[in-house]
Amino acid sequence: MPFILTNSDVAIVQGLLKDGRKSFRQISRETGISTPTVKARFDRLVNIGFIKSISPILDFKKVVYNDNLVNDNTLLQATKNKRQELENCIKKGTGIQLKCDFCRGPISGKTHVFKFATFERFFCCTECRSDYENTYK
Ligand SMILES: [Zn+2]
């Protein structure tokens with residue numbers, strides 16, 4: 001089963017899309033979600049592999065290359081539109097495909113979770129879960 005985004009997940013993701021430098025406390029203030037919950041939901045979004053990284057957005061119009069400003073507005077606009085289109089899909093109820101952390105297959109049935117502190121792994125079946133535990137303990 002896919003992981004279903006909640007209103008909290010959407011609020012956190014949208015906050016970070018606007019500015020990935022925000023602290024959990026800042027997101028908490030903006031959304032009304034408690035800081036520990038923001039942290040827990042963020043960790044889970046990372047653990048399921050949906051938030052792959054927080055990376056800077058660069059202003060390529062300011063890049064000088066071979067003594068010229070890189071200024072391909074068509075390319076920049078296309079990239080921006082694509083990003084906007086994808087960001088519009090992030091809403092409550094959006095499903096995130098989970099992959100088994102042991103066999104790498106898609107998780108279609110019940111998700112078997114292995115949790116240790118903020119560390120979580122997801123498995124397609126109890127066998128994969130116990131094989132993972134035996135391999136990595
Ligand atoms: Zn598996």
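1. Among the contacts in this protein between residues at least 6 apart in sequence, 47% join residues at least 24 apart, where two residues are in contact if their C-beta atoms, placed from the backbone, lie within 7 Å. The model is a predicted one, in which local features need pLDDT of at least 70 and side-chain atom pairs count only at pLDDT 80 or more, while totals for chains, interfaces and linings use all residues. Residues are numbered from 1 along each chain as its sequence is written.

2. The protein has 5 helices and 6 strands, and along the sequence these follow the pattern β-α-α-α-β-β-α-β-β-β-α. Helices (H or I, at least four residues) and strands (E, at least two) are DSSP runs, numbered from the N terminus.

3. Of the 137 residues, 17% count as buried. A residue is called buried if 20 or more other C-beta atoms lie within 10 Å of its own, exposed if 12 or fewer do, and partly exposed in between, with the C-beta atoms placed from the backbone.

4. The largest nonpolar core has 10 residues in all, namely F3, I48, L98, C100, F102, I107, F122, F123, C124 and C128. A nonpolar core here is a set of buried Ala, Val, Leu, Ile, Met, Phe, Trp, Tyr and Cys residues joined through C-beta atoms within 7 Å. A second, separate core of 6 residues includes I12, V13, I27 and V38. Returning to F3, this residue is in contact with I48, G95, I96 and L98, leaving aside its neighbours within four places in sequence.

5. Two packed helices are described by the angle between their axes and the distance between the axes. The axes of helix 1 (residues 7–18) and helix 2 (residues 24–31) come within 10 Å and cross at roughly 120 degrees, which makes helix 1 oblique to helix 2. The axes are lines fitted to C-alpha atoms, for helices over the stretch in contact, and the angles run from 0 to 180 degrees between N-to-C directions. Angles under 35 degrees count as roughly parallel, over 145 as roughly antiparallel, 65 to 115 as roughly perpendicular and the rest as oblique. Helix 1 passes helix 2 in a right-handed crossing; a crossing is left-handed if the near helix is turned anticlockwise from the far one by less than a right angle, and right-handed if clockwise.

6. Where helix 1 and helix 2 meet, A11, I12 and G15 of helix 1 face I27, E30 and T31 of helix 2 in contacts. T31 itself touches A11 and G15, not counting residues up to four places away in sequence, and the C-alpha atoms of T31 and A11 are 6.7 Å apart although 20 residues separate the two in sequence. T31 is partly exposed, because 17 other C-beta atoms lie within 10 Å.

7. Helix 2 and helix 3 (residues 35–47) have axes that come within 8 Å and cross at roughly 110 degrees, and the two helices are therefore roughly perpendicular to each other. The contact is made by F24, R25, I27 and S28 of helix 2 and by T35, V38, K39 and F42 of helix 3. Helix 2 passes helix 3 in a right-handed crossing.

8. V38, which lies in helix 3, counts as buried because it has 24 C-beta neighbours inside 10 Å. Leaving aside neighbours within four places in sequence, V38 is in contact with I12, F24, I27, S28 and I33. V38 and S23 are 15 residues apart in sequence and 9.7 Å apart in space, C-alpha to C-alpha.

9. Strand 5 (residues 112–116) and strand 6 (residues 119–123) run antiparallel and are joined by 5 bridges, and two strands are said to pair if DSSP finds at least two bridges between them. In this pairing H112 stands opposite F123, and F116 has F119 as its bridge partner. The hairpin has 2 residues between the strands, and A117 takes a positive phi near 55 degrees.

10. Most residues other than glycine have a negative phi. R104, however, has a positive phi of about 70 degrees although it is not a glycine. R104 is placed in the loop between strand 4 (95–96) and strand 5, and R104 is exposed because 9 other C-beta atoms lie within 10 Å.

11. E133 is found in helix 5 (residues 126–136) and counts as partly exposed, because it has 14 C-beta neighbours inside 10 Å. The C-alpha atoms of E133 and F114 are separated by 8.4 Å, and these residues are 19 apart along the chain.
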